[in-house]
Amino acid sequence: MRVKAKAKDGVVSVMAVMKHPMLSYDMAKKQGKEANFIIKITGKVDGKVVYDASTSQFLSKNPFIKFKFKGEAGKELELSWADLKGNTKSKKVKIK
Amino acid sequence: MERRKFLGLGAGLAALSLAPVSVWAKDYRKELPNVWKIKNNEADANDLKGVNEAIKAIFGTDKPEEGKFKLKAPDIAENGAVVPVSFTLEKAKKVALLQSANPECVVAIWDIPEGAIPDYAVRIKMKKTGKVIVVADVDGKIYKVEKNVKVTAGGCGG
C-alpha cells in the first residue's frame, strides 16, 4: 500500500493505492477462482476516524483513492483495509 | 427461572457495552448486507430501478433532489477497468456511489466522520456504458447527481 498525506491550510489531502486484485464475482467465475475484494477502508489520526468507506467488488484492481479531512502536518495517519476473506493491511504515514 | 432471565439480560447488556469497541466506525457491509446484492437490469443500463431501490435502502427515500454538487467522471472511458470518479461536497453525513453498468448497483458507501471533507476520488470498474450516480445526505436532505459514461472496452471481463 502506498499512502501520501499532505497538509495545507488546515486541510490534509491523502492519496493512496492499495495492492489488491479486487476480483469481482463475474471475474472470479471466469477465472475459476473465488471472489475477493476490499470491503472496508478506514483512515485514522490519533485513534479518531477521518475516512470511512464501505466498498464493493467494483473498485478497480489495485484501488486508488483520494480524500480530505481537517488536520495538520506532523501527525500520523493510519490507513487500513479489510477484504471479504478477512485479510487486513494497514500503513502509517506521517502527514507532511 | 427468574434468575436465569436476569442473568441472560446481564449477558446481553455486557455484549451491548462491548459493541462500541468495534474497529470500524460504520460498516455498511454489516449494517446493510442486502443493499450490495441489489441487481441492475443487465439488458438496459438506462433502467435505474435497481439503483433507486438501493438509494431507498441506504437513504430512506427514492426521490432525492437533483444535487448541486460536482461529480466528475469521463464522458468516454476507453478502459472500463479503470474509470476515475470524483465528487466534491462541502459537507455531508453519508455519500453513496452507484452505477447502472455492472451486475450489482452499489460501488461504495462513505460515512463522513466529523472533520472529514467529502472531496473524494476513486477508480471504479464499469462493464459497459451506463450511468454513474452519487447520492449524498447533507443535513438530512438527500441529493443526487448522475452522469452518463460511455465505455468503449468493458472492465469486468477476464
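## A buried aspartate at the chain boundary

Asp27(B) counts as buried, at 15% relative accessibility, where buried means under 20% relative accessible area, exposed over 50%, and partly exposed in between, computed with a 1.4 Å probe on protein chains only. Asp27(B) lies in the loop between helix 1 (2-18) and helix 2 (28-31) of chain B, and, leaving aside residues up to four places away in sequence, Asp27(B) touches Lys40(A) and Ser54(A), a contact being heavy atoms within 4.5 Å.

## Basis of the model

This is a predicted model, in which local features need pLDDT of at least 70 and side-chain atom pairs count only at pLDDT 80 or more, while totals for chains, interfaces and linings use all residues. Residues are numbered from 1 along each chain as its sequence is written, chains are lettered from A and ligands numbered from 1 in the order in which they are written, and side-chain values use heavy atoms, with hydrogens and water left out.

## Chain A

Chain A has one helix and seven strands, arranged along the sequence as β-β-α-β-β-β-β-β; helices (H or I, at least four residues) and strands (E, at least two) are DSSP runs, numbered from the N terminus. Of the 96 residues in chain A, 50% are buried, and among contacts between residues at least 6 apart in sequence, 55% join residues at least 24 apart.

## Salt bridges within the chains

Over all chains the count comes to 13 salt bridges, each being a side-chain nitrogen of Lys or Arg within 4 Å of a carboxyl oxygen of Asp or Glu. One of them joins Asp52(A) and Lys40(A), at 2.9 Å from N to O; because Asp52(A) lies in strand 4 (residues 48-55) and Lys40(A) in strand 3 (residues 38-45) of chain A, this pair ties together parts that are twelve residues apart in sequence. Both partners are buried, Asp52(A) with a relative accessible area of 1% and Lys40(A) with 2%.

In chain B, Asp139(B) and Lys91(B) form a salt bridge with the closest N and O atoms 2.8 Å apart. Asp139(B) lies in the loop between strand 8 (130-138) and strand 9, and Lys91(B) in the loop between strand 4 (83-88) and strand 5 (94-99), so the pair ties together parts that are 48 residues apart in sequence. Asp139(B) is exposed, with a relative accessible area of 56%, whereas Lys91(B) is partly exposed, at 46%.

## The interface between the chains

At the interface, 37 residues of chain B are in contact with 35 residues of chain A. The area buried between the two chains is about 3,000 Å², of which carbon and sulfur atoms give 55%; this is the accessible area (1.4 Å probe) that two parts lose on being put together, summed over both.

Two salt bridges are counted between chain B and chain A, among them the one between Asp26(A) and Lys127(B), whose closest N and O atoms are 2.8 Å apart. Asp26(A), Glu42(B) and Lys127(B) are linked in a network of salt bridges.
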